[in-house]
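Good morning, and thank you for coming. I would like to take you through one structure, part by part. Please look first at the sequence and the model.

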Amino acid sequence: MSGNDGRWDRVGEAPAPSWYLDPLVARQKREVHQQLVRKWTEGCPVESVLKTDLFEEAFGEDQILFDLIPGTHRVIGIDVSRAIAARAMRRSPLGCARFVAADVRSLPLRSELIDVVVSNSTLDHFDTREEFQAALSELARVLRPGGVLVITIDNAYNPLYQLLRLLSRFGVGPFPLGYTTSLRGLIQSLEKHGLEVADKSRLIHNPRLISTLLFLSLRRTLGKRADTPIRWLLGLFSRLDALPTWPLTACFVAACARKPSNPPEE
Ligand SMILES: C[S@@+](CC[C@H](N)C(=O)[O-])C[C@H]1O[C@@H](n2cnc3c(N)ncnc32)[C@H](O)[C@@H]1O
């Protein structure tokens, strides 16, 4: 269960739950996600954007939402943790944005309201497949016809992800990891909820657990001088995308799904 059982409030009340992300890694994560959303929403009139969790906006240099699509009238961010939503609100430079404590499986939004939904690694924190499906159904409901969902989830085939998930069950790591699926499984689920998958991708290649420990120790020992080796390693890891081994190295799988437009009335 990943509802409002206080678990995420405890994470959100920690001084810096995003300690595991080096600033350079956080910046890479932000750029990769923003570029993907902009590419997949190009040419799409965007008046309203919803982001399904506010972890990055509350804590990290990997925030995505604040400057995602300039000129958007309605920017809404939700998070099941009141503490995280409140922190994101305090950090937000956007006067008009709404940051709300809400569960993605039961959104306090009317149907067909949102042009673009960005859901990056929120739906991979549930214990069960049924909860994952319930959340997808909500995202499909709030999208307007013709609207776009950009979704990423943890890559189930990254062998180090499975280890990370196991460790998280024993309280190791910053937060718990939950059910996730393959890129094919994600696409099938999106289609089951009536969405058309327009594109797919895989994001951020690295041996996740090992690279995180490596970056942290480089930073701890070299301080500012760690910038050069970390940049070099990030460049090296990003080349893994071109290899046939990508299903094993991608941290996230991603899909762009469109809600079909309503047929014109007779
Ligand atoms: C640890 S973060 C990771 C996701 C983040 N986008 C990232 O990629 O770093 C998970 C976030 O999802 C939020 N969350 C967990 N379950 C949720 C739910 N049912 N509805 C909305 N937000 C949820 C948590 O409060 C937390 O902010």
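Predicted model: local features only at pLDDT ≥ 70, side-chain atom pairs only at ≥ 80, totals over all residues.

**A walk through the model**

Leaving aside neighbours within four places in sequence, Thr180 is in contact with Asp124, Ile153, Asp154 and Ala156; contact here requires two C-beta atoms, placed from the backbone, to lie within 7 Å. Residues are numbered from 1 along each chain as its sequence is written.

Let me stay with Thr180. This residue is found in the loop between α6 and α7. Helices (H or I, at least four residues) and strands (E, at least two) are DSSP runs, numbered from the N terminus. Is Thr180 buried or exposed? Thr180 counts as buried because there are 25 C-beta neighbours inside 10 Å. The scale is as follows: a residue is buried if 20 or more other C-beta atoms lie within 10 Å of its own, exposed if 12 or fewer, and partly exposed in between, with C-beta atoms placed from the backbone. Phe132 lies 48 residues from Thr180 in sequence, yet their C-alpha atoms are 8.2 Å apart in space.

I turn now to the helices, starting with α7, residues 183-192. Which residues of α7 are buried? They are Leu183, Leu186, Ser189 and Leu190. These residues lie on the same side of α7, because they cover an arc of only 125° around the axis; the arc is that of the directions from the helix axis to the C-beta atoms. An α-helix has 3.6 residues a turn, so residues three or four places apart point the same way. On the other side of α7, the exposed residues are Arg184, Gln188, Glu191 and Lys192. The cover over the buried residues of α7 includes α5 (129-142), β5 (143-154), β6 (196-205) and β7 (250-258). Just after α7 comes Gly194, with a positive phi of about 85°.

Helix α8, residues 208-222, can be described in a similar manner. At 1.5 Å a residue, its 15 residues should span 21 Å, and its end C-alpha atoms are 21 Å apart, which agrees; the expected span is 1.5 Å times one less than the number of residues. Arg208, Ser211 and Phe215 are the buried residues of α8. Seen down the axis, they fall within an arc of 70°, so they line one face of the helix. They pack against α2 (23-41), α6 (159-169), α9 (227-238) and β7. Exposed on the other side of α8 are Ile210, Leu213, Ser217, Arg220 and Thr221.

Next, the interior. A nonpolar core is a set of buried Ala, Val, Leu, Ile, Met, Phe, Trp, Tyr and Cys residues joined through C-beta atoms within 7 Å. The largest has 46 residues, of which Val117, Leu149 and Val150 touch the most other members. Which strand gives this core its largest share? That is β7, with 8 residues. Leu149 touches Val117, Ser119, Leu139, Leu143, Leu195 and Ala257, not counting residues up to four places away in sequence. A second, separate core of 10 residues includes Phe59, Val80, Ala88 and Phe99.

Ile204, in strand β6, has a positive phi of about 55° and is buried, with 23 other C-beta atoms within 10 Å. Glu112, in the loop between β3 (98-101) and β4, has a positive phi near 60° and counts as partly exposed, with 14 C-beta neighbours inside 10 Å.

I close with the ligand. Of the 20 residues around the ligand, Trp8, Asp53, Phe55, Val80 and Ser121 come nearest; a residue is near if its C-beta atom, placed from the backbone, lies within 6 Å of the molecule. Both α3 (55-59) and β2 (74-79) supply at least two residues of this shell.
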